[in-house]
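Colleague: I am new to this structure and would be grateful for a guided discussion. May I put some questions to you once it is displayed?

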Amino acid sequence: IRDTLAKAGIGIALDGKVTGQGTERLGYDISIDANNIPLDPTLRAALAQRQRDLYDQFKPAGLADGIIKFSKSPQPEVAPTFTADLSFKQASLTSDRLPMPVTDVVAAAIFEPDLIDIKSLAGRYGDTPVSIKGQIWPGYENQPSRYSLALEFKDTILNDDLFELLPESAA
């Protein structure tokens, strides 16, 4: 696998420890340093359902680099958790709600089970530079995702196409 990943330009380094193997007190603390990971169907399949729903909504393409940490306390009642501190390059986002994709995306975000914290996202919507910062709380079961985002468009013509992107409550 390592040779296949290296030939594809993908770098993955794994570090960590596992305790309590074969017992009820399994615990782990694992860190993965990943580079040039494609945003593709293989990655989609590895995501938790909540993140997979957002992936399907925004259909990302491109590459990601970052540090992903998985941990679980040896206490049986404590659920496992993860944090992924990722940067994206050569990326684009396509959504059914947008008439055009957001291209030339460069972004940095921290992913956790219940939160996506977008530190920075810059790209182009047609000829217009766009940037986004904020948080997304992925929906759970039948609940919709919640968003708190600040969008900045430069030299944008205010027209019906732009206003149609807003929820009815904001338009």
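Colleague: Is Lys-59 buried, exposed or partly exposed?

Modeller: This is a predicted model, and the answer is computed from it. Buried means under 20% relative accessible area and exposed means over 50%. Lys-59 has a relative accessibility of 35%, so Lys-59 counts as partly exposed.

Colleague: With which residue does the side chain of Lys-59 meet in a salt bridge?

Modeller: Lys-59 follows helix α3 and has a positive phi, near 40°. Lys-59 lies in the loop between α3 and β3, and its partner lies 37 residues away in the loop between β4 and β5. The N to O distance is 3.4 Å, and the partner is Asp-96.

Colleague: How many helices and how many strands does the protein have?

Modeller: Along the sequence, the elements follow the pattern α-β-β-α-α-β-β-β-β-β-β-α. The totals are four helices and eight strands.

Colleague: What percentage of the residues in the protein is buried?

Modeller: A residue is buried if its relative accessible area is under 20%. The accessible surface of the protein comes to about 11,400 Å², of which 56% belongs to carbon and sulfur atoms. Of the 171 residues in the protein, the buried share is 25%.

Colleague: Where on helix α3 do its buried residues lie?

Modeller: Helix α3 spans residues 49-58, and Gln-51, Arg-52, Leu-54 and Tyr-55 are buried in it. Seen down the axis of α3, these buried residues fall within an arc of 160°, so they line one face of the helix. As a general point, an α-helix has 3.6 residues a turn, so residues three or four places apart point the same way. The buried residues of α3 therefore lie on one face of the helix.

Colleague: Which elements are included in what covers the buried residues of α3?

Modeller: The cover is judged by contact, that is, by heavy atoms within 4.5 Å. It includes one helix segment at 41-46 and strand segments at 81-93, 102-112, 115-125, 128-137 and 146-153. In order, these are α2, β4, β5, β6, β7 and β8.

Colleague: Which residue forms a salt bridge with Arg-50?

Modeller: By the rule applied here, the protein has five salt bridges. In this one, Arg-50 lies in helix α3 and its partner in the loop between β5 and β6, so the pair ties together parts that are 64 residues apart in sequence. The closest N and O atoms are 2.5 Å apart, and the partner is Asp-114.

Colleague: In the salt bridge of Asp-65 and Lys-89, what is the distance from N to O?

Modeller: Asp-65 lies in strand β3 and Lys-89 in strand β4, so the pair ties together parts that are 24 residues apart in sequence. Asp-65 is buried, with a relative accessible area of 15%, whereas Lys-89 counts as partly exposed at 28%. The N to O distance is 2.8 Å.

Colleague: How are the rings of Phe-88 and Phe-111 arranged: stacked, tilted or edge-to-face?

Modeller: The count of aromatic pairs is one. Phe-88 lies in strand β4 and Phe-111 in strand β5, so the pair ties together parts that are 23 residues apart in sequence. Both residues, Phe-88 and Phe-111, are buried. The ring centres are 6.1 Å apart and the planes are at 70°, so the pair is edge-to-face.

Colleague: How far apart are the C-alpha atoms of Ala-150 and Ile-132?

Modeller: Ala-150 is found in strand β8 and is partly exposed, with a relative accessible area of 47%. Beyond residues up to four places away in sequence, Ala-150 touches Ser-131, Ile-132 and Lys-133. Ala-150 and Ile-132 are 18 residues apart along the chain, and their C-alpha atoms are separated by 5.6 Å.

Conventions
Residues numbered from 1 in each chain as written. Predicted model: local features only at pLDDT ≥ 70, side-chain atom pairs only at ≥ 80, totals over all residues. Heavy atoms only, no water. Buried < 20%, exposed > 50% of the residue type's maximum accessible area, 1.4 Å probe, protein only. Helix = DSSP H or I, 4+ residues; strand = E, 2+ residues; numbered from the N terminus. Arc of directions from axis to C-beta. Phe/Tyr/Trp six-rings, centres within 6.5 Å; stacked < 30°, edge-to-face > 60°. Areas by Shrake-Rupley, 256 points an atom, 1.4 Å probe, with all protein chains shown as cover. Salt bridge = Lys/Arg side-chain N within 4 Å of Asp/Glu carboxyl O.
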